[in-house]
Amino acid sequence: MSDLREEKSARMNKVLKHLFLLKSFIILTWKHQEEYRKEFFIAVADFCVITLLSILFWQSIFGYIKVLGDWKLYELIVLSIFGSVSWTIGNLFAGFLFIPLKVAKGDIDKYMSRPVNPLFALLAEEMQLDEVLKGIITGGILLVATLSTFGISVSISNLILSLGLLLVGSFAISMIKGVVSLLCFWVGTASFLNTILFLEDYGLERYPVDVLPIRVASFFTYIIPIGILSTFPARILFGKESNVSIIFLMAIALMVFWVFLLSQMWRRGVKRYDSAGG
Amino acid sequence: MKAVSDEVIQVANLAKEYVVPEKPPQSTSLGGKIRRFFDRRYERVRAVNNISFSVRRGELVGLIGPNGAGKSTLIKLLAGILTPTGGAINVLGYVPSRDRYEYSFNIGIVLGQKSLLWYNIPVIESLKVWRDVYEIDEKAFKDRIDFFSEMFGIDELFHIPVKKLSLGQRMRSEIAASLLHNPPLLFLDEPTIGLDVLAKSRILDFMERVNSEEKTTIVISTHNIDDVEKLCNRVLIMDKGRIIFDGNTEILRKVDEHKMIVAKFVKKVSLPSSLSSKVEAFIEKTEYSFSARIANEDVTDFVSAVIDMPYLQDIDVRSQDLEYIIKKIYEEGSVKIEE
Amino acid sequence: MRKYLSVMRIAWGVAREHAVDFFGRFLIFPISILLLYLIWNVVFSFTPDIGGFSMKTMINYYLAVSLMILSYRRFWAIHYNVFSDINEGNLSIYLARPIDYQFQWLARMVATLSINVLFTLPVLVISSFLMQLPLPNLMSLLLFFISIYLSAAVLFFIQFCIGTLSFWTERIFATRDLLLNIQSLFSGAIVPLAVFPSIVQEISNYLPFRSIYFVPASIYAGYFSNIEALYNLGIQVFWVFCLFVLSRSFFNKGLVKFDAKGG
């Protein structure tokens, strides 16, 4: 028995190991999705059409108005692009969509008896990296195209800050989706979970939340934080935001809060799974 | 619990109770549904009810019982997937549910239909991911792959996507995957379901060799007694959460001194009286088939007589009938024989 | 005919079981409607008219669209149902029975839609009341309901066509996405087509997608006069017929190629 224990010191640190496993799962998901993957150009065309919808929307409206609050047309176009890109980044956590089904089928058992964090593995095996790449690349191109078409230049620091906020916002929304998906331990695979999990279908991210009444704007910034996906990154990019650090801190605090909630729900969910006999 | 040196599993007064929502009467009205949502009634189910046993290194243990006996629950408890509600488990010096992460490096587990391998990709790619999960270095991994190829001939399967494999091929790959890290202990829950006779025997041979070559302790749960008879030297019979028999497979065979003969015909037949007199009991009898219990000493004569009968389509000799054995055990009281 | 009615009855029973789930879907709906209402409020503070739509007309339009989107949810998976029936061999089961494959799916969808519409109705009324929106007159309402079934049929046949592509290739999803994205551009789901530049409107007149959201929602919102509504209903009927013929010819051609593998 003692020889088994000694091997423990030869083990990797848990956190390092999971980082290392990310690479293994990236290779896995890349190969696994080969069959259902669309050709890159079609995927790009996809993304363009979706974003074009929002752009066309604003363009049409601006045929009738000159400004929307303090927003000009090209700013709203960039806002739309940011919105689309943020949802594609969320595909890193596409695994949350499948968790209710996997829990119902008992698929978590195979990870529970192996030296890997089950939640990590369930997410890692469904990462849609090609979607993420498509979004980032195409979004980047559209962004550059928009800025040059309208002849606007932006500062590098604003660009980095705005993209950073977009990332944080994406992660925060993914964590919220995660918490909702983990409700499956209590309510099974009820289809109303899907309404929230497929939030991007509603297209809420193409509207600037800051033109709304203060309380509503706050709701869409802190409770259902779509504001952090597109509105505030766009504001930061065009230098319209004076409280950058505060926004960032709030966004990170939000993300931390949902991560914490997620881990708590996972722990309780597994306990419930256990007491229900799996 | 002190670990005795060559006991790998020690289970004492183990219990697993869980709460299941009571099946309410069917309600189609909306009001009924809302009421049901708020007023859930639960009942307690004892899936595992006060079990004690131990397993020594290198044993090949069969765990059998009817559906709902608690076999899967027991395996999951031993694997650390479920936490006991009572009693204690000690496996290889670990408490499975508590030391889950560390403990899992030392066990291999195959859970029936739940696959270890990813569907669309070649087997070897799945193995690579598990290699990383179990922190196996490159050299050890290569040696292991060679070992599997040499011993079990599954190298031809490595580059085939799992979805293109037959059930038997898939099962062999699953077991290989679960043994990748050379664990001293392997659990299998219903590994032979849905397999034809040939595939089944390949799997059982596979495990026998693993056990003899590497001294791997194997615990296999199944509802098919024939598997256990062929493979295991020790058998545990579970029923309603308890172990009602724990002993050598040989002894089990002696509990029932009969065999069951199942015969099918293409035309209506009637059994000549010389044969039907040998039958102790008919389990099932139709105009085209029968299942009969025959005493061991009469089997050879009976079978050769049936084979001589016209219009015979199929004949099968089954060594044990689980329900009969369990009934007998209950009649004779709990049988527990120490070896 | 009777067998399709019984298929519908079964689907009705299934849907009734899921009534509780369906209400859950309305969780996000009030939030998205609120957001739209407020945004358009701001937009209309800068101009009284957009493409012939006033504020109230616009919100009514979006109300109708949102509820249609919710009601048609099940329809978006039809191509996948056909895809898996073909690839996993279930199609063979249907072919061996004296029931038309396409019609039995259509029957199920009609049942599902009817239930969804039924549950949608009170939400429509309550929302209109809360936002102080004018309800359409009886005639418009009637035309609206007819229009919904026609647009659902258009959606169904498009989805069915996409699904039948599975007879020839397993990789239907790229085509699906491209088609559905083009569809979202021209269907009027994002914004009434009347708001778009005239080029876009011109193109949309030659495509069936207009019939899916724009026509019914415009009828409900009162953008169309009764005459215009009837005219557009006629266009819907035209597209239903065309797509029906198209989908059946795809299916029959594909059936010749079908080798019942899988399963």
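**Note on a predicted multi-chain model**

1. Chain B is divided into domain 1 (7-253) and domain 2 (258-319); these bounds come from an automatic or database domain assignment. The C-alpha centres of the two domains of chain B lie 36 Å apart.

2. This is a predicted model: local features need pLDDT of at least 70, side-chain atom pairs count only at pLDDT 80 or more, and totals for chains, interfaces and linings use all residues. Residues are numbered from 1 along each chain as its sequence is written, while chains are lettered from A and ligands numbered from 1 in the order in which they are written.

3. The model scores ipTM 0.84 and pTM 0.80. Chain C averages a pLDDT of 85, and 92% of its residues score at least 70. The pLDDT is the predictor's confidence in each residue, from 0 to 100. Where pLDDT is low, the predicted coordinates should not be read in detail.

4. Chains A and C touch. Chain A brings 31 residues to the contact and chain C brings 28 residues. Contact here means C-beta atoms, placed from the backbone, within 7 Å. On the chain A side, α3 (40-61) and α11 (192-197) each supply at least two residues. The most come from α3(A), with ten residues. By type, the chain A side has 23 nonpolar, five polar and three charged residues. Nonpolar means Ala, Val, Leu, Ile, Met, Phe, Trp, Tyr, Cys and Pro; charged means Asp, Glu, Lys and Arg; the others, Gly among them, are polar.

5. Helix α4 (residues 73-89) of chain A has 17 residues. Helices (H or I, at least four residues) and strands (E, at least two) are DSSP runs, numbered from the N terminus. From first C-alpha to last, α4(A) reaches 25 Å, close to the 24 Å expected at 1.5 Å a residue; the expected span is 1.5 Å times one less than the number of residues. Buried means 20 or more other C-beta atoms, placed from the backbone, within 10 Å of a residue's own.

6. In chain B, strands β8 (residues 234-239) and β9 (residues 242-248) run antiparallel, joined by six bridges. Pairing needs at least two DSSP bridges. Val235(B) has Gly247(B) as its bridge partner in β9(B). The two strands form a hairpin with two residues between them, and Lys240(B) in the turn has a positive phi of about 50°.

7. Pro96(B) sits in the loop between β4 (86-91) and α3 (100-104) of chain B. Pro96(B) is buried, with 24 other C-beta atoms within 10 Å.

Technical notes. Contact = placed C-beta atoms within 7 Å. Buried ≥ 20, exposed ≤ 12 C-beta atoms within 10 Å, placed from the backbone.
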